[in-house]
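Please look over the sequence and the structure shown below before you read on.

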Amino acid sequence: MHLRGVALDMDGLLFDTERIYFQVGDVLLKRRGHTFTLELQQKMMGRVGLSAIGQMIDHHELDDDPVSLLAESDDVYGDLLLGELRPMPGLEDWIGRLRTSGLPFGLATSSRRKFVDMILPTTQWAADLAFVLTGDDVTHGKPNPEMYLKAADRLSVSPAEMLVLEDSGNGSKAAVSAGAITVAVPNEHTQSHVFEDVHLVAESLADPRLWDLLPQTARA
C-alpha cells in the first residue's frame with residue numbers, strides 16, 4: 001500500500017458534532033410535534049444541506065419548505081455549535097501522527113462552509129490542512145463519491161493512493177466508491193452502521209492499527 005495523502009471527515013470523526021446535530025433535530029421536530037430519533041439521524045448523516053433536510057421532511061411527511069427548514073436548522077446549530085463543540089478522543093495525537101508521517105492531509109466534510117469556518121479557528125492545526133472541502137463544494141453528497149474524487153484531485157494523487165477516515169456508513173461508502181483506502185472509525189452514534197469493503201474498522205483515532213498505516217517519518 002503506497003499512501004500519498006489523507007482525507008479526513010469532520011463530523012463524528014474529528015469532533016463530536018453528531019451530538020449537537022441530534023439536539024438540533026430534536027428542537028426542530030419538537031416544534032412540529034415529532035421526536036427526533038437515531039434512525040432518522042443515521043439517514044441524514046453525510047448528506048449535504050437540503051438533501052439531509054429532505055430526509056427529515058420525508059421521514060415525518062412534513063409540509064415545510066426545505067429551504068426555510070434548512071435556514072431554521074442552521075440558526076439552531078449556529079447558536080449551539082461553539083458552546084457544545086468537543087474534540088473526539090485522540091484527535092490531537094492523531095494530528096501529531098499525521099504531521100510526523102509527512103503526508104499531506106485535508107478536510108472533506110459534508111458540513112457547510114460557514115460552520116467549518118467557525119470550527120477551524122478553534123484548532124491549532126488548521127494551517128496544516130492541504131485543502132478544505134465542504135458540502136458547499138459538491139453537487140452530490142455522500143454516499144456519492146464526488147467528495148473524495150475531489151479530495152484526491154486536491155491532493156494530486158489517485159484515489160487508490162489516498163487514505164480516507166470516516167465515521168459513518170454513508171461516508172465510508174463514498175470513499176470506497178471513489179476507490180480510496182478507507183478506514184471507518186465509528187462513534188457511539190454510528191456503531192451499528194454497515195462498513196462494507198473498508199480496509200479497517202478502527203476502535204478510535206488512537207487505534208495503533210490506524211497509526212501503522214502511515215509512514216513512520218516524513219519521506220526525504
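Begin with helix H3 (residues 49-60) and helix H4 (residues 66-84), which pack at an angle of about 105 degrees, with their axes 9 Å apart. Helices here are DSSP runs of H or I with at least four residues, strands are runs of E with at least two, and both are numbered from the N terminus. The axes are lines fitted to C-alpha atoms, for helices over the stretch in contact, and the angles run from 0 to 180 degrees between N-to-C directions. The angle makes H3 roughly perpendicular to H4, where angles of 65 to 115 degrees count as roughly perpendicular, those under 35 as roughly parallel, those over 145 as roughly antiparallel and the rest as oblique. On the side of H3 the contact is made by Gly49, Leu50, Ile53, Met56 and Ile57, and on the side of H4 by Pro66, Val67, Leu69, Leu70 and Ser73; contact means heavy atoms within 4.5 Å. These residues divide into eight nonpolar, two polar and no charged, with Ala, Val, Leu, Ile, Met, Phe, Trp, Tyr, Cys and Pro counted as nonpolar, Asp, Glu, Lys and Arg as charged, and the others, Gly among them, as polar.

A word on how to read these values: this is a predicted model, in which local features need pLDDT of at least 70 and side-chain atom pairs count only at pLDDT 80 or more, while totals for chains, interfaces and linings use all residues. Residues are numbered from 1 along each chain as its sequence is written, and side-chain values use heavy atoms, with hydrogens and water left out.

The loop between H3 and H4 holds two residues that can be set side by side, Glu61 and Leu62. Is each of them buried or exposed? Glu61 counts as exposed because its relative accessibility is 72%, whereas Leu62 is buried, with a relative accessible area of 14%; buried means under 20% relative accessible area, exposed over 50%, and partly exposed in between (1.4 Å probe, protein chains only). Glu61 also has a phi near 50 degrees, a positive value in a residue other than glycine. Leaving aside its neighbours within four places in sequence, Leu62 is in contact with Leu29, Arg32, His34, Met56, Ile57 and Leu69. Another buried residue is Leu40, with a relative accessible area of 0%, whose place is in helix H2 (residues 38-44). Leu40 is in contact with Leu29, Gln55, Met56, His59 and His60, again leaving aside neighbours within four places in sequence.

The largest nonpolar core has 51 residues, of which Leu8, Met56, Leu163, Leu165 and Val183 touch the most other members; a nonpolar core is a set of buried Ala, Val, Leu, Ile, Met, Phe, Trp, Tyr and Cys residues joined through side-chain atoms within 4.5 Å. H4 gives the most to this core, with five residues. Domain 1 and domain 2 both give residues to this core, so it lies between them. Apart from it lies another core, of 18 residues, among them Ala7, Val48, Leu133 and Val157.

Leu14 is found in the loop between strand S1 (5-8) and helix H1 (18-30), and counts as buried because its relative accessibility is 0%. Although Leu14 and Pro89 are 75 residues apart in sequence, they are 8.4 Å apart in space, C-alpha to C-alpha. Not counting residues up to four places away in sequence, Leu14 touches Leu8, Asp9, Pro87, Met88, Leu91, Leu107 and Trp125.

Helix H7 (residues 146-155) has as its buried residues Glu146, Met147, Tyr148, Ala151, Ala152 and Leu155, and they pack against S1, strand S2 (105-108), strand S3 (132-133), strand S4 (162-166) and helix H8 (169-178). Most residues other than glycine have a negative phi, and most peptide bonds are trans. Ser156, which follows H7, has a positive phi, near 60 degrees, and the peptide bond from Lys142 to Pro143 is cis, with omega near 20 degrees.

Definitions and conventions
Domains from an automatic or database assignment.
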